[in-house]
Amino acid sequence: PVPALALGGIETPTQVRACVEAGAAGVAVLGAIMRATDPRQAATTLTSAFQEAATPKPPTRNPGR
């Protein structure tokens with residue numbers, strides 16, 4: 001019942017998506033942004049990965065049924 005946040009060692013969009021798929025309600029990313037050549041782009045990329053992973057997917061339709 002308590003939301004869990006993923007924290008530590010999260011560097012890539014793939015890792016962000018994996019955290020959300022594992023049930024994380026949020027992802028805290030510090031080092032990846034601080035070490036990035038372009039911190040704004042790194043934050044944008046990781047945020048986009050989180051938003052994509054956290055957005056519910058519409059049910060797929062099976063036209064053959």
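How many helices and strands are there in the protein chain? There are three helices and two strands, where helices (H or I, at least four residues) and strands (E, at least two) are DSSP runs, numbered from the N terminus. This is a predicted model, in which local features need pLDDT of at least 70, side-chain atom pairs count only at pLDDT 80 or more, and totals for chains, interfaces and linings use all residues. Residues are numbered from 1 along each chain as its sequence is written, and side-chain values use heavy atoms, leaving out hydrogens and water.

**Overall layout**

- Starting at the N terminus, the elements run β-α-β-α-α.
- The radius of gyration of the protein chain is 15 Å, well over the 11 Å that the globule rule gives for 65 residues, so the chain is more spread out than a compact globule. (That radius is taken over C-alpha atoms, and the rule is 2.2 Å times the number of residues to the power 0.38.)
- Along its principal axes, the C-alpha trace spans about 50 × 30 × 15 Å.
- Of the 65 residues, 20% count as buried; buried means under 20% relative accessible area, exposed over 50%, and partly exposed in between (1.4 Å probe, protein chains only).

**How α1 meets α3**

- The axes of helix α1 (residues 13–21) and helix α3 (residues 39–54) come within 9 Å and cross at roughly 30°. Axes here are lines fitted to C-alpha atoms, for helices over the stretch in contact, with angles running from 0 to 180 degrees between N-to-C directions.
- That crossing makes α1 roughly parallel to α3 (angles under 35 degrees count as roughly parallel, over 145 as roughly antiparallel, 65 to 115 as roughly perpendicular and the rest as oblique).
- On the α1 side, the contact (heavy atoms within 4.5 Å) is made by P13, V16, R17 and V20. The α3 side brings in T45, L46, A49, F50, E52, A53 and A54.
- Sorted by class, this contact has eight nonpolar, one polar and two charged residues. For the bookkeeping, Ala, Val, Leu, Ile, Met, Phe, Trp, Tyr, Cys and Pro count as nonpolar, Asp, Glu, Lys and Arg as charged, and the others, Gly among them, as polar.

**Two residues to look up**

- V27 sits in strand β2 (residues 26–28) and is partly exposed, with a relative accessible area of 23%.
- Not counting residues up to four places away in sequence, V27 touches A6, I10, V16, C19, V20 and F50.
- V27 and V16 are eleven residues apart in sequence and 6.9 Å apart in space, C-alpha to C-alpha.
- S48 lies in helix α3 and counts as partly exposed at 39% relative accessibility.
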